[in-house]
Amino acid sequence: MLKAKDYKSDVKPIWCPGCGHYSVLNAITKAFSALEQAPESSVLVSGIGCSSRLPAYVNSYGFHGVHGRALPVAAGLKVARPELNVIALGGDGDGFSIGGNHFIHACRRNVNIVYVVMDNEVYGMTKGQASPTTPEHWDHSKLTPHGPEVRPFQPCAIALAAGASFIARGHSGDPNGLAKILYDAVQHPGFAFVQVLSQCVTFCPEQAQWKDIVHLEEVCTADPVAAANFLHGDDGFAKGVFYRNPRPVWPVTHEQQGSSDIRRGFAL
């Protein structure tokens, strides 16, 4: 049995000190070890951003693509190679801004992949601008000195409305709990969305307090109405699996038709 450290590559991460993504990397390798899967059985697909560097740090196949396009690549890969575990990775800017449309339709389509979004509510790679999940009064950026002044994106609620069949939230400060969520997400048959609160203390030092705010909620349900009621009252800091309701994955398998079947269909 391989240990978590065996799933780490020889490439040294270059994230800032205190970045939550280090713990997300540890959680992913812990989950891979618990799944007892060979490194070559998984593919990590990412777009652009600090979080999207992660495939380079894992001993598996990886694809580092363009901004906001991790999900189309991951879905196409899974359809072509269904025997592989396909995990798409990204941040809140990559996933919910330029990749927002892909996120909605990936939920709707329900291809059997896992999507992990490391959400730090900021564009860290470009020195700290507001992202779709930034609080409306966050005024740390010179581009938005009065804050973005728009309501932040609600990833889990939108995933539910769009049709995701597995919805969860983890915290980088709890790598063991996050590893358990990722373990369940990989085993879920369908599109599994995992939002990870992963602090960026370089541009949002106040996020160091997340460890005191995050709380576990045992609310997992297969009822979309119950899930919606919970998510619309959510403070954004609950963690756990919120919704799990397997449904047919895409592409739907149809019986093969031969030429004789087609001729019979057109017979007078």
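**Note on the predicted model**

1. S51 sits in the loop that joins β1 (42-46) and β2 (61-64). Helices (H or I, at least four residues) and strands (E, at least two) are DSSP runs, numbered from the N terminus. Residues are numbered from 1 along each chain as its sequence is written. The model is predicted, so local features need pLDDT of at least 70 and side-chain atom pairs count only at pLDDT 80 or more, while totals for chains, interfaces and linings use all residues, and side-chain values use heavy atoms, with hydrogens and water left out.

2. Is S51 buried or exposed? S51 counts as buried, at 3% relative accessibility; buried means under 20% relative accessible area, exposed over 50%, and partly exposed in between (1.4 Å probe, protein chains only). Leaving aside neighbours within four places in sequence, S51 is in contact (heavy atoms within 4.5 Å) with W15, H21, G90, G91 and M118. The side chain of S51 also reaches the backbone oxygen of G90 at 3.3 Å.

3. Helix α6 (residues 175-187) has 13 residues, and at 1.5 Å a residue it should span 18 Å. The expected span is 1.5 Å times one less than the number of residues. The end C-alpha atoms of α6 are 18 Å apart, which agrees. Buried residues in α6 are L178, A179, I181, L182, D184, A185 and V186. These buried residues pack against α1 (21-35), β3 (85-91), β4 (114-119), β7 (166-171), β8 and β10 (238-244).

4. C156 belongs to helix α5 and is buried, with a relative accessible area of 2%. Not counting residues up to four places away in sequence, C156 touches I167, A168, R169, F193, Q195, L231 and F242. From C156 to A168 there are 12 residues in sequence and 7.5 Å in space, C-alpha to C-alpha.

5. The largest pocket holds about 370 Å³ of space. Of the 20 residues that line this pocket, P152, F153, Q154, D235 and G236 are the closest to its centre. On a 1 Å grid over the protein atoms alone, a pocket is an open set of points with protein on both sides within 12 Å along at least five of seven lines, and lining residues have an atom within 4 Å of a point.

6. Which elements each supply at least two residues of that lining? They are α5 (155-162), β8 (192-197) and α8 (224-232), and the largest share, 3 residues, comes from α5.

Technical notes: 1 Å grid on protein atoms, 1.4 Å probe; cavity = no way out; pocket = protein on both sides within 12 Å on 5 of 7 lines; lining within 4 Å. Points joined across faces, edges and corners; volume = space filled by probe spheres on them. Polar contact = N/O pair within 3.5 Å; in protein donor to acceptor, adjacent residues only side chain to side chain.
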